[in-house]
Amino acid sequence: MTKNNAPRYTAEQTEHYKMYKQGKIWAFALISTLAIGAGTLALGHDTVSADTSSTPVTATTNARTATSGNTAQLSAASTSSATSESSSVAPSSASSDATSTSSNTAASSSATSTSSTPVSAASTTSSAASSNAVSATPTSVTSSVASSATTSAATSGVATQTLVEPTSAALSGAKSHAAAQYSTTGQPQQVNAVAAAPADTSNAVLKTSTATVGYGSNQKELSLTLVITSPQAGDVYTVTIPADTYILQFDSVGGLTADQGTTTTSNNTDGTKTITDTFTTSQSGVVTQIIKYILKTNYSAQDKPMTTIGSVTKTVTYTVNGVAQTPVTFTQTIQPYASMTGMSLTYPTGSATTALQSGTEYVFSYNVGEANGILDNDYQSARVNSAVNYGTTLTIAVPAGFALNAGDTAKLNAFTDATTITQPGGAGTDIIITVPKGSGSQGWEVAAAYRLAGSFTQAATDKDTTYTATNAGAMSQKVDDAGTVYTATSPTPWSVVIAGSDSAVKTAGVVTATGNSSTTQDKLVLDNDTTNAPSYLTQFTFANNTVADQKNVQFDLDIPDGVVATGIVVPKGEVSDKNYLPGDLTFTYTLTLADGTTETGTAAGGDTITSTNGAAIRHAALVVNELAAGAALNLTGALTTKVGNVITTNNTFSVLGTLNATLDDGTAVKNGDVLIFGISMTFDGQSAPSATAKMTETVTEPYAAVYGYVLQNNQAPGATNAGTMAIMTTGNFAHTTDSIYEPIFYYVIPAATTCECHER
């Protein structure tokens, strides 16, 4: 409490101030004395008539301001001689101001003089010049009600009551009691109203676990620890913590126990939180409270872009009984980082030394490798990182007269933002990748690097020749609206080898085989429930890893006895972010069926090949008309995708069918049987396959699973909604059926824990 906002009481009162140290400032505690003597007393707006034969007098004194320090005292009206009285009131401080005043009675010509001289000791009594001098020393009282007041009296002296921060009702009661006592005993009465001693505001310290968070700090958690020494009942402590940021994520606060008090957390309009601890009982020793933040990593999704990049100071404020303490600060740093790796050959897979043919289209990838700098340099995005991008331009010098195929480039990248890739000057000039503010990707999205499709116009010579761009690729990036620019360059310029006319082309193929459509791809369930049948039995991928186009490439598919293969879905020509299959694909085929017969035919890319007599397919020889250099089918998975009401057929190479109950010779299929699917890829004119692959699947009984998990987010005793127990059905977990027959779930919870069950 400061001197200027001390409470005021309207009455005949003496006001003293106790000066004490509060942190680095001096504060004042008010001691107000109400004196009641013989005669008529004016306290506030009440008038009390004394029971005496003397002619009553009336004196009214207005409330003084807290800076006046004046004293007014009433004396008996019949006194004709001057009276000098010394009153000593001892504050707890060693220093106090001397005050004096005079007061005139309304009905008496005699003057009364009162002087007040503060002293430093609580029990010191000053002598007065008059033989009837009276000394009064207030006694500290911890209650503000009249019944808890301290009363003292000296022989022929003043009866004193002292109230500590009384309410209006308590003060009125004390005045009435004093008036009644005076009326009964004739003894002068004095009521002292004093301010309570200030609460301790120096018994709490707030600490941080680290002075820095974010980039380069290597910190995964921030703790704020409030250490309170011997808090008293009624003490209130608040801590206001920063709002969540791109790095900070509020996690938890350790609350007071029920026998200590209460802890509340309120959300402020600016995103900060205020934690309030109110002690209902006094505590001995130290009470420690920990407030935790999770510190995010580069993997976390962020704004596109973030509004705060660089270093900023975060402030934590706290108060003790309403008194602000010295704030605690820490530094948050976000520092973007790019590790541009330069150009790489993607379709076909190769390196800077792979001899490429002039005039043939190839696909290259340009990896920016940009981390958002939340914690370190991890989780780099292959494209410009949208979290730090306020406008970026990538300039890529090209070798050997490279000419960009803008159409295929756009299909390969499948941008969903405003990014563009152009070659404004035409073949042989710089490629410009323009990434407007907020465009790009983030590390968690795992987007592919920028894809560039095109061919080299440089004519071939007799020998393999290396061509190198004049400059390395460069990035110029704004990281804020103020225009702060961040730059990075590739380690080396783009370099390629153009094959000479005497270079031989080496063919290379790649194939893979994957399992069925269930979450357990290597299992086929044996039962009569058709809902457990997979949508496909196996799938294949392939790539022409040759630098030249290849005609009449043959794929041989082996399908095991024990399944009924009803169809084969062949891929179509497509340039996309998933597949690179330029041109139209057609297939000629020969099917060998389970009944020993064969069938031949032609199918367009995307068609499903089936047997005309309905017999199961055991072998298929498929010859595709042409595969471009680097052609690659990468997509596996669902045969269709549904977005809203639109169903799209995915471009895959799939074998359709089901598990049969018997083998072709009538032997029953049983659990544990092993079925092997196979694929091989042979280039035209070769007698042996260039690549082969197999997929093994095992016959099994149907099984499903239910998974449980427990989440506890509050460990404070008595807390409600402290945690969750739940179950999950099979979902994407390994299983061969989605059905569980009449399941029974048992929950075991600790003693003294209550549970509310909700079905979702």
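## Close-ups of a predicted chain

**View 1. A bridge between E13 and E18.** In this view, Glu221 has Ile294 of strand E18 as its bridge partner. Strands here are DSSP runs of E with at least two residues, helices are runs of H or I with at least four, and both are numbered from the N terminus. Nine bridges in total link E13 (residues 221-229) with E18 (residues 286-295), and the two run antiparallel. The model is a predicted one, where local features need pLDDT of at least 70, side-chain atom pairs count only at pLDDT 80 or more, and totals for chains, interfaces and linings use all residues. Residues are numbered from 1 along each chain as its sequence is written, and side-chain values use heavy atoms, with hydrogens and water left out.

**View 2. The open sheet around that pair.** Step back and you get four strands in the order E11-E13-E18-E15, with antiparallel pairing; two strands count as paired if DSSP finds at least two bridges between them. E11 (204-208) and E15 (248-253) sit at the edges, each pairing on one side only.

**View 3. Helix H1 and what follows.** Ala170, Leu171, Ala174, Lys175, Ala178, Ala179 and Tyr182 are buried in H1, meaning under 20% relative accessible area with a 1.4 Å probe, counting protein chains only. An α-helix has 3.6 residues a turn, so residues three or four places apart point the same way.

**View 4. The hairpin of E43 and E44.** Seven bridges tie E43 (residues 586-593) to E44 (residues 598-604), and the strands run antiparallel. Look for Thr590, whose bridge partner in E44 is Thr600. Four residues lie between the strands, and Gly596 in this hairpin has a positive phi near 95°.

**View 5. Two nonpolar cores.** A nonpolar core is a set of buried Ala, Val, Leu, Ile, Met, Phe, Trp, Tyr and Cys residues joined through side-chain atoms within 4.5 Å. The largest has 44 residues, and those touching the most other members include Phe542, Phe555, Leu622 and Leu627. Strand E46 (residues 617-627) gives this core its largest share, five residues. A second, separate core has 35 residues, among them Ala397, Ala400, Val435 and Phe456.

Methods:
Buried means under 20% relative accessible area, exposed over 50%, partly exposed in between (1.4 Å probe, protein chains only).
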